[in-house]
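I opened a new notebook page for this structure.

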Amino acid sequence: MPVAQVAVDVSQVDRSHIFRTMGTAEDSPSADEMGELYDQMLTEAAQLIVPFAAYEIVDNTLDEPALAEYPQVLMGMCTIGEAISTRVRALFAEGAYPEAMLLDHISDACVGATDRALCAHVLEVLRQRGIGCSRRVSPGENAPLALQRDIHTALSAKQTIPMQVRESCMMDPVKSQSFLLGCRHDPQAAPDMKHIGHDCTHCKLKNCPWRKPS
C-alpha cells in the first residue's frame, strides 16, 4: 500500500470563506475580535493536525455502476487525525463556542487540503504509468457510503492505517475522506484534477458550506 507524503500549510486556509460560512462579514464590528480568535485557532490547528494519506490500485470486484467498465480501481483515504476533533469537542464543552466553531471549520479546510495533496500525488502516479481513470467516486456523496468498508479493507490489508470504519460506515477519525477511481491502461487518456479532485457539481450535498458555485 503506497503512503503519499502530504503536508498541509494551515496559513493557506481561506479565512474569508470561513468567516462567510459563520455569517461574519470581514468589515463587521466583530471582525477584529473574530480575527484574533481565528489566528489563535489557526495556530492550534497547525499543532494538532496529523495528515496521513494512502492509496492502492486493486482489481475491480466492486458492485458500483460508475466503475463497472474499469478492470481496476484506485482506492484512496486521507485524514488529519483525531486530536483536532477532540479539541473541538473540549471547546464546545467549555462553552467556548466561537473558538470551537472556528477550529471545526479550519479542520474541514485542512481535510480538503489533505485530500487535494493526495489527489495531486495520485495524478502524477497515473500519468507516469499511462493509466486513464474515471471521474471521482466519493462514498456518501455520489456513491453508497458502504464503499468505505471496501476501501478500508484494501488499504489495511498489508499494514495498519490510522483510520477505521464504524458499523455505520462512517470513518474514524471523523475528519477523513475517501474516494475511488476506475482505472485502465490508456496512455492517450491522461487524467487531470477535474477527474480526480472533488467536483462540487457532481456532489449530492447541496447545502455543504464548502460547496463552490457551478
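I started with Arg136, which counts as buried at 8% relative accessibility. Here buried means under 20% relative accessible area, exposed means over 50%, and partly exposed lies in between, with a 1.4 Å probe and protein chains only.

Before going on, I noted that this is a predicted model, in which local features need pLDDT of at least 70, side-chain atom pairs count only at pLDDT 80 or more, and totals for chains, interfaces and linings use all residues. Residues are numbered from 1 along each chain as its sequence is written, and side-chain values use heavy atoms, with hydrogens and water left out.

Which residue forms a salt bridge with Arg136? I found Asp115, with the closest N and O atoms 2.8 Å apart. A salt bridge is a side-chain nitrogen of Lys or Arg within 4 Å of a carboxyl oxygen of Asp or Glu. Arg136 lies in the loop between strand S4 (131-133) and helix H5 (147-155), and Asp115 lies in helix H4, so the pair ties together parts that are 21 residues apart in sequence. Helices (H or I, at least four residues) and strands (E, at least two) are DSSP runs, numbered from the N terminus. Asp115 counts as buried too, at 3% relative accessibility.

Next I counted salt bridges: the structure holds eight. Another of them joins Asp108 and Lys175, with the closest N and O atoms 2.6 Å apart. This pair links distant parts of the chain, 67 residues apart. Asp108 sits in helix H4 (residues 97-129), while Lys175 sits in the loop between strand S6 (171-172) and strand S7 (176-185).

I then looked up Arg166 and Asp172, whose side chains meet in a salt bridge at 3.8 Å, N to O. Arg166 is partly exposed, at 39%. Asp172 is partly exposed as well, at 30%. I also noted a network of salt bridges linking Glu44, Arg87 and Glu94.

Which of its residues are buried? I listed Leu147, Gln148, Ile151, His152, Ala154 and Leu155. They cover an arc of only 165 degrees around the axis, so they lie on the same side of H5. The arc is that of the directions from the helix axis to the C-beta atoms. An α-helix has 3.6 residues a turn, so residues three or four places apart point the same way. What covers the buried residues of H5 includes strand S2 (52-59), strand S3 (72-79), strand S5 (164-165), S6 and S7.

Notes
Contact means heavy atoms within 4.5 Å.
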